[in-house]
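Subject: Structure and notes

Hello,

Please find the structure here, with notes on what turned up in it below the picture.

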Amino acid sequence: MRSPRRPISASSTPAAEEGLTARERRMLRNERRGVGKNWREEVEDRLLVKPKKRYASWMEELNLDKLSELGHQWWVVRVSRVTGLETANRLARALARTYPNIDFKVYVPNVHVKRKLKNGTYSDKANPLFPGCVFLWCILNKELHDFIRECNGVGGFVGSKVGNTKRQINRPKPVASSDMEAIFQQAKEEQEKADRAFEEEQQVGVSLGDGDPDISASTSSTNNKKSRRAKTQSMKSSSDGGDYGSLVLGSSVRVSSGPFTDLEGCLKELDAKTGKAKVGFMLFGKESLVDLDINQIVAEKP
């Protein structure tokens with residue numbers, strides 16, 4: 001009589017791998033074989049790591065006192081496009097009088113254009129580079145934020161909407177230091193260009209009129225008319241062209257870089273020769289035109 005065969009069970013798992021999960025055993029086998037992780041394991045590892053939340057709750061994101069943790073930053077304050085310089089001076093005096101212990105700077109980038117009048121006197125006019133915007137350097141918190149918003153002529157800060165359907169606020173967004181350096185450099189170059197144009201105009205007037213103020217003044221006025229006529233023709237040619245790649249006059253565009261990042265506006269003028277464009281933003285319930293580079297704006301998808 002033959003004895004019945006008994007099933008023989010053999011396990012290829014070594015004793016060192018007992019008690020490990022299937023994933024850990026697979027990793028040990030791959031290490032012995034010299035095989036690295038495949039793409040599925042890499043995706044699993046990334047999904048296991050949960051991103052750290054910046055704020056514990058949505059109410060904490062609405063707390064403007066958290067802005068003081070950023071330290072001294074540059075902020076963009078919305079003001080009237082016509083009386084922007086007066087509002088900036090009024091804001092600086094109010095901050096110095098109410099908060100004498102804080103360190104702040106109010107900066108309005110503009111270009112001083114000098115012109116010689118017919119009566120022989122000189123006029124100095126400040127043309128802002130970014131009409132409707134004032135740059136403020138300070139440590140911002142809720143108290144200072146509310147005080148600035150209550151100032152006469154101030155329309156708020158440039159920022160983004162945060163919160164949910166229950167409550168939303170406009171959280172100010174700081175301007176990057178690289179963008180501010182670019183603004184300082186642009187203001188310096190524009191001022192040097194204006195000073196150089198004024199000196200050349202003076203030299204031309206003296207050489208033609210031999211020091212006669214009437215002749216030099218008439219020459220300067222003629223040059224000004226020619227420059228205005230050329231500017232008008234360039235604006236007309238840019239409006240007649242109306243297409244620079246995907247940019248079309250009257251379409252909605254978004255600013256991709258600079259202090260007006262993520263703001264949406266309407267494209268008003270486009271000059272392909274100079275690479276400049278004028279975009280209209282709604283400030284104080286009115287449309288404000290801002291000169292930007294074509295590379296800084298992107299056409300919004302319909």
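Glu69 is exposed, with a relative accessible area of 61% (buried is under 20%, exposed over 50%, partly exposed in between, with a 1.4 Å probe and protein chains only). Its salt-bridge partner is Lys66, with the closest N and O atoms 3.8 Å apart; a salt bridge here is a side-chain nitrogen of Lys or Arg within 4 Å of a carboxyl oxygen of Asp or Glu. Lys66 is partly exposed, at 24%.

This is a predicted model: local features need pLDDT of at least 70 and side-chain atom pairs pLDDT 80 or more, while totals for chains, interfaces and linings use all residues. Residues are numbered from 1 along each chain as its sequence is written, and side-chain values use heavy atoms, leaving out hydrogens and water.

The whole structure has four salt bridges. One of them joins Arg23 and Glu44 at 3.7 Å, N to O. Arg23 sits in helix H1 (residues 22–33) and Glu44 in helix H2 (residues 39–48), so this pair ties together parts 21 residues apart in sequence (helices are DSSP runs of H or I, at least four residues, and strands are runs of E, at least two, numbered from the N terminus). Another pair is Lys142 and Asp146, at 2.9 Å between the closest N and O atoms. These two residues are four apart in helix H5 (residues 142–149), which means about one helical turn between them.

Glu192 is in helix H6 and is partly exposed, at 39% relative accessible area. Its C-alpha atom is 9.8 Å from that of His112, 80 residues away along the chain.

Regards
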